[in-house]
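Here is a quick tour of the side-chain packing and pairing in this model. Have the structure open as you read.

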Amino acid sequence: MGINIIQSRWALLLVSFVMSACATVPKESVELSSELTKMIRSAEASHSALVEDYIAERKHRADDFLERVWIPTFMSKGMKNTGILDSIANEKNAVRKGALLLEFNEDAAVEIAKRRASIMDAIDEIGISLREAVRNHYGEML
């Protein structure tokens, strides 16, 4: 029975020592941590919005470039290289002339769509990388 009393006293002493050794976190520290988390989340949302605006602007500028520069140049070179204008001029049948022009335009539209998709896909990939970098950066901060 004497051993049980000694063990009980040691257990009581150990529990009281552990309880007194527990660190207490000041209320201000919890509030500061919460406020910092809100600030980081707010900065992340702003940064993400900037990335979205950047990607939208890149797509707009790419589309503008295609419409103003690339497509006119492509069509001009395509007409010259294929000789479509000469073929149309030499064709006597008006229906056949229209068919030649329509065929050329359909082929050109396919190539233009491929180029546009290629550029937009590249911009989308950049957007994915930027979004992931922002997420990772703010995740590490938190």
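Let's start with Lys 114, which forms a salt bridge with Glu 111, the closest N and O atoms being 3.5 Å apart. Keep in mind that this is a predicted model. Lys 114 and Glu 111 sit three residues apart in helix α4, so about one helical turn separates them. Lys 114 is exposed, with a relative accessible area of 51%, while Glu 111 is partly exposed at 36%.

## The other salt bridges

How many salt bridges are there by this rule? The count comes to eight. One of them joins the side chains of Arg 116 and Asp 63, at 2.8 Å from N to O. Arg 116 belongs to helix α4 and Asp 63 to helix α2, so this pair ties together parts that are 53 residues apart in sequence. Arg 116 has a relative accessible area of 23%, which makes it partly exposed, and Asp 63 counts as partly exposed too, at 30%. There is a network here as well: salt bridges link Asp 63, Glu 67 and Arg 116.

The side chains of Asp 64 and Arg 68 meet at 2.9 Å, N to O, and both residues lie in helix α2, four residues apart, or about one turn of the helix. Asp 64 is partly exposed, with a relative accessible area of 32%, whereas Arg 68 is exposed at 58%.

## One aromatic pair

The structure holds one aromatic pair. The rings belong to Trp 70 and Phe 74, with centres 4.8 Å apart and planes at 10°, so the pair is stacked. Planes under 30 degrees apart count as stacked. The two residues are four apart in helix α2, which puts about one helical turn between them. Is Trp 70 buried or exposed? At 17% relative accessibility, Trp 70 counts as buried, while Phe 74 is partly exposed at 26%.

Ile 112 lies in helix α4, which covers residues 94-141. With 13% relative accessibility, Ile 112 counts as buried. Which residues does Ile 112 touch, not counting residues up to four places away in sequence? They are Trp 70, Ile 71, Phe 74 and Met 75, so both members of the stacked pair, Trp 70 and Phe 74, are on that list. Ile 112 and Ile 71 are 41 residues apart in sequence, yet their C-alpha atoms are 7.0 Å apart in space.

Ile 112 is part of the largest nonpolar core, which has 10 residues: Leu 66, Trp 70, Ile 71, Met 75, Ile 84, Ile 88, Leu 100, Phe 104, Ala 108 and Ile 112. The elements giving two or more residues to this core are α2, α3 (84-90) and α4. Apart from this core lies another one, of eight residues, among them Ala 62, Ile 123, Val 134 and Tyr 138.

Now for Glu 44, which has its place in helix α2 (residues 27-82). At 14% relative accessibility, Glu 44 counts as buried, since the cut-off is under 20%. Not counting residues up to four places away in sequence, Glu 44 touches Val 134, Arg 135 and Tyr 138. Two of these, Val 134 and Tyr 138, are among the residues of the eight-residue core.

Glu 52 is found in helix α2 as well, but Glu 52 counts as partly exposed, at 37% relative accessibility. What does the side chain of Glu 52 make with the side chain of Arg 131? The two side chains make a polar contact at 2.5 Å. Glu 52 and Arg 131 are 79 residues apart in sequence and 8.5 Å apart in space, C-alpha to C-alpha.

Notes
Residues are numbered from 1 along each chain as its sequence is written. This is a predicted model: local features need pLDDT of at least 70, side-chain atom pairs count only at pLDDT 80 or more; totals for chains, interfaces and linings use all residues. Side-chain values use heavy atoms; hydrogens and water are left out. Buried means under 20% relative accessible area, exposed over 50%, partly exposed in between (1.4 Å probe, protein chains only). Contact means heavy atoms within 4.5 Å. A salt bridge is a side-chain nitrogen of Lys or Arg within 4 Å of a carboxyl oxygen of Asp or Glu. Rings of Phe, Tyr and Trp (its six-membered ring) pair if their centres lie within 6.5 Å; planes under 30 degrees apart count as stacked, over 60 as edge-to-face and the rest as tilted. A polar contact is a pair of N or O atoms within 3.5 Å; within protein, one must be able to donate a hydrogen and the other to accept it, and residues adjacent in sequence count only if both atoms are side-chain atoms. A nonpolar core is a set of buried Ala, Val, Leu, Ile, Met, Phe, Trp, Tyr and Cys residues joined through side-chain atoms within 4.5 Å.
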